[in-house]
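Please keep the sequence at hand as you read.

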Amino acid sequence: KVPWELSRLQHFTDLGKAFWITEDEVYLKEFITTIKHWENENKVGYGPNWTCSMEVAIRAINIIWGLYFFSAKNLLTDKFIQKTIRLIYYHALHIEQNLETIEDGANTNHLLSNYLGLFYIGLLFPEFDRSQNWRQIACKGLEKEIALEINNDGADYECSTSYHRLVFEIFLSAYILGKKNNFKFSENYK
């Protein structure tokens with residue numbers, strides 16, 4: 001669990017916000033160093049940080065947020081951006097090939113995270129050859145799972161306050177990102 005938590009790279013949004021507020025390039029340097037180090041130490045498809053697609057999806061989303069925060073001032077090199085976008089592509093391929101479905105249909109927040117990762121990548125990187133497919137997988141999955149995993153009272157069926165919060169954030173994040181990019185979910189989803 002410890003390597004997974006660290007490799008989620010959730011601190012990228014904090015680094016990005018600090019950079020926006022202070023314009024101190026120390027945050028930019030940390031972002032670049034962390035991405036390079038992580039990629040060098042975690043070859044695609046090998047090791048503990050590639051065993052759970054939920055972790056891969058969360059990490060991909062945080063890398064995307066990092067690119068968003070740090071690309072605003074045009075301080076990232078083309079080479080770094082290309083390598084990072086390639087890494088995001090490999091994240092999506094991994095997620096697509098390793099969706100965390102449960103045979104009896106009792107899927108969890110893991111699968112929702114998988115779908116959210118594919119949705120972010122498919123929507124925000126339309127130039128990828130599989131983007132349309134990733135969006136379709138994600139949208140179909142999110143639409144299906146919101147009907148299956150949310151009880152009539154609005155609570156997540158896993159009956160955990162923490163999971164309810166996570167599941168809500170996943171569904172809401174997809175909805176907001178879609179809305180900001182002229183993508184609409186169904187009325188039932190809304």
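The paragraphs below take up charged contacts, then rings, then the surface.

This is a predicted model, in which local features need pLDDT of at least 70 and side-chain atom pairs count only at pLDDT 80 or more, while totals for chains, interfaces and linings use all residues. Residues are numbered from 1 along each chain as its sequence is written, and side-chain values use heavy atoms, leaving out hydrogens and water.

Let us begin with the charged contacts. The structure holds seven salt bridges, each being a side-chain nitrogen of Lys or Arg within 4 Å of a carboxyl oxygen of Asp or Glu. One of them joins R86 to E39, with the closest N and O atoms 3.0 Å apart. This pair links distant parts of the chain, since R86 sits in helix α5 and E39 in helix α3, 47 residues apart. Helices here are DSSP runs (H or I, at least four residues; strands are E, at least two), numbered from the N terminus. R86 is partly exposed at 37% relative accessibility, whereas E39 is buried at 14%. For these words, buried means under 20% relative accessible area, exposed over 50%, and partly exposed in between (1.4 Å probe, protein chains only).

Two other bridges are worth a look. K17 and D14 meet at 3.8 Å, N to O; they are separated by about one helical turn because they are three residues apart in helix α2. Both ends are partly exposed, K17 at 42% and D14 at 49%. E5 and R8 also form a salt bridge, at 3.7 Å from N to O. E5 counts as partly exposed at 33% relative accessibility, while R8 is buried at 11%. Through shared partners, salt bridges join E5, R8 and E55 into one network.

Now for the rings. The structure holds 21 aromatic pairs, where rings of Phe, Tyr and Trp (its six-membered ring) pair if their centres lie within 6.5 Å, and planes under 30 degrees apart count as stacked, over 60 as edge-to-face and the rest as tilted. How do F31 and F80 meet, and what are their distance and angle? Their centres are 5.8 Å apart and their planes at 75°, so the pair is edge-to-face. F31 belongs to helix α3 (residues 25–41) and F80 to helix α5, 49 residues apart, so that this pair, too, links distant parts of the chain. F31 is buried at 0% relative accessibility, and F80 is buried at 7%.

F183 and F185 form another edge-to-face pair, 5.2 Å centre to centre with 75° between the planes. F183 is partly exposed at 23%, but F185 is buried at 8%.

Finally, the surface. W20, I21, W65 and Y68 form a nonpolar patch with about 480 Å² of accessible area together. Helices α2 (12–22) and α4 (53–71) each give two or more residues to this patch. I21, in helix α2, is exposed at 73% relative accessible area. Patches are made of residues with over 30% relative accessible area and no salt bridge, with like charges joined within 9 Å and nonpolar side chains (Val, Leu, Ile, Met, Phe, Trp, Tyr) within 5 Å. A positive patch is formed by K36, K43, K79 and K83. K83 lies in helix α5 (residues 78–97) and is partly exposed at 35%.

Key. Accessible areas come from the Shrake-Rupley method with a 1.4 Å probe; for residues, only the protein chains shown count as cover. Lys and Arg count as positive and Asp and Glu as negative; His and the chain ends are not counted. The place of a charge is taken as NZ of Lys, CZ of Arg, CG of Asp or CD of Glu.
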